[in-house]
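Me: I am new to reading protein models. Please take me through this one, and tell me what the labels rest on.

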Amino acid sequence: MKYAILVNEGPYQHQASDTAYQFCKAAIERGHEVFRAFFYHDGVHNGSRFPVPPQDDRNIPVQWSELAAAHDIDLVVCIAAAQRRGILDEGEAQRQGKDGDNIAPGFRISGLGQLIEAGIQCDRLLVFGD
Amino acid sequence: MSEPWEEEGPGEIRKFMYVNRKAPYGTIYALESLEVVLIAAAFEQDVSMVFMDDGVFQIKKGQDTGQIGMKNFSPTYRALEGYDVEKLYVEAESLSERGLSEDDLLVPVEVMSRDAIARLMDEQDVILSF
């Protein structure tokens with residue numbers, strides 16, 4: 001099946017992102033496709049490359065980046081939600097006059113249309129939230 | 001026999017349901033959910049919204065956010081009709097549990113039982129819950 005994923009919570013505070021990640025891994029191992037993960041609400045924080053968790057803990061953004069690279073998953077951070085919460089790519093940082101960007105590898109910033117498009121194109125859209 | 005998700009061709013209109021379960025203030029879920037609905041309207045899908053649990057407070061009349069420094073976005077629900085979002089369902093049990101009735105709501109809705117909402121959910125292609 002062709003899955004799309006919506007992640008509505010940030011890393012660590014909520015388990016939603018971990019569960020979404022575990023689901024994606026399991027689905028791919030079973031031969032399914034996860035073609036897009038869309039990050040909304042505080043979920044956009046999963047797309048920051050700045051978190052520095054303790055060494056014996058998982059690094060959630062890095063996990064997402066690696067999974068996306070290995071299996072060609074489109075990781076999309078909602079631009080409206082990202083702007084509120086300070087998740088910026090290079091272009092956005094320049095446009096907004098900020099002194100740096102923080103988006104993690106494999107993530108891109110785009111609009112909510114990408115979520116709706118995923119809902120139209122997928123066989124199943126799964127929501128991971130609180 | 002083919003599975004249901006194999007029968008849908010491209011360009012087919014899908015049934016999208018937005019399930020609103022959280023109070024309008026206190027968290028940003030309601031506001032950002034409304035942003036999704038408004039953006040999604042451009043995709044001309046078959047859209048419905050459900051208000052249940054504390055989500056029924058989102059469309060309560062007489063909201064006044066003057067003292068909390070947040071924008072009162074409740075008038076936007078009245079604008080949904082202009083976006084062809086006309087199917088608004090409210091769970092009867094959620095209303096009565098909170099001492100509310102249909103007269104307390106600022107938009108015309110269809111009040112439905114929990115069972116009826118469950119059946120409606122069963123008919124959807126995509127359910128986004130916030």
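Reply: Start with one definition: a residue is buried under 20% relative accessible area, exposed over 50% and partly exposed in between, with a 1.4 Å probe and protein chains only as cover. In chain B, 42% of the 130 residues count as buried. In chain A, buried residues make up 52% of the 130 residues. This is a predicted model: local features need pLDDT of at least 70, side-chain atom pairs count only at pLDDT 80 or more, and totals for chains, interfaces and linings use all residues. Residues are numbered from 1 along each chain as its sequence is written, chains are lettered from A and ligands numbered from 1 in the order written, and side-chain values use heavy atoms, without hydrogens and water.

Me: Why is Ser94(B) called buried?

Reply: Its relative accessible area is 0%. The cut-off for buried is under 20%, so Ser94(B) is buried. Ser94(B) sits in helix H3 (residues 92-97) of chain B. Helices here are DSSP runs of H or I with at least four residues, strands are runs of E with at least two, and both are numbered from the N terminus.

Me: What makes the pair Ser94(B) and Asp53(B) a polar contact?

Reply: A polar contact is a pair of N or O atoms within 3.5 Å; within protein, one must be able to donate a hydrogen and the other to accept it, and residues adjacent in sequence count only if both atoms are side-chain atoms. A polar atom of the Ser94(B) side chain lies 2.8 Å from the backbone nitrogen of Asp53(B).

Me: Why is Asp53(B) called partly exposed?

Reply: Asp53(B) has a relative accessible area of 23%. That value falls between the 20% and 50% cut-offs, so Asp53(B) is partly exposed. Asp53(B) lies in the loop between strand E2 (46-51) and helix H2 (75-79) of chain B. Its phi is near 50°, a positive value in a residue other than glycine. Most residues other than glycine have a negative phi.

Me: How do you know that Asp72(A) is exposed?

Reply: The relative accessible area of Asp72(A) is 69%. Exposed means over 50%, so Asp72(A) is exposed. Asp72(A) is found in the loop between helix H2 (60-71) and strand E3 (74-78) of chain A. Asp72(A) also has a positive phi, near 55°.

Me: What pattern does chain A follow, and what makes chain A as compact as a globular protein of its length?

Reply: Along the sequence, chain A reads β-α-β-α-β-α-α-β-α-β. The radius of gyration of chain A is 14 Å, close to the 14 Å that the globule rule gives for 130 residues, so chain A is as compact as a globular protein of that length. The radius is taken over C-alpha atoms, and the rule is 2.2 Å times the number of residues to the power 0.38.

Me: How many helices and strands does chain B have?

Reply: Chain B has 4 helices and 5 strands. Its radius of gyration is 16 Å, close to the 14 Å from the globule rule for 130 residues, so chain B is as compact as a globular protein of that length.
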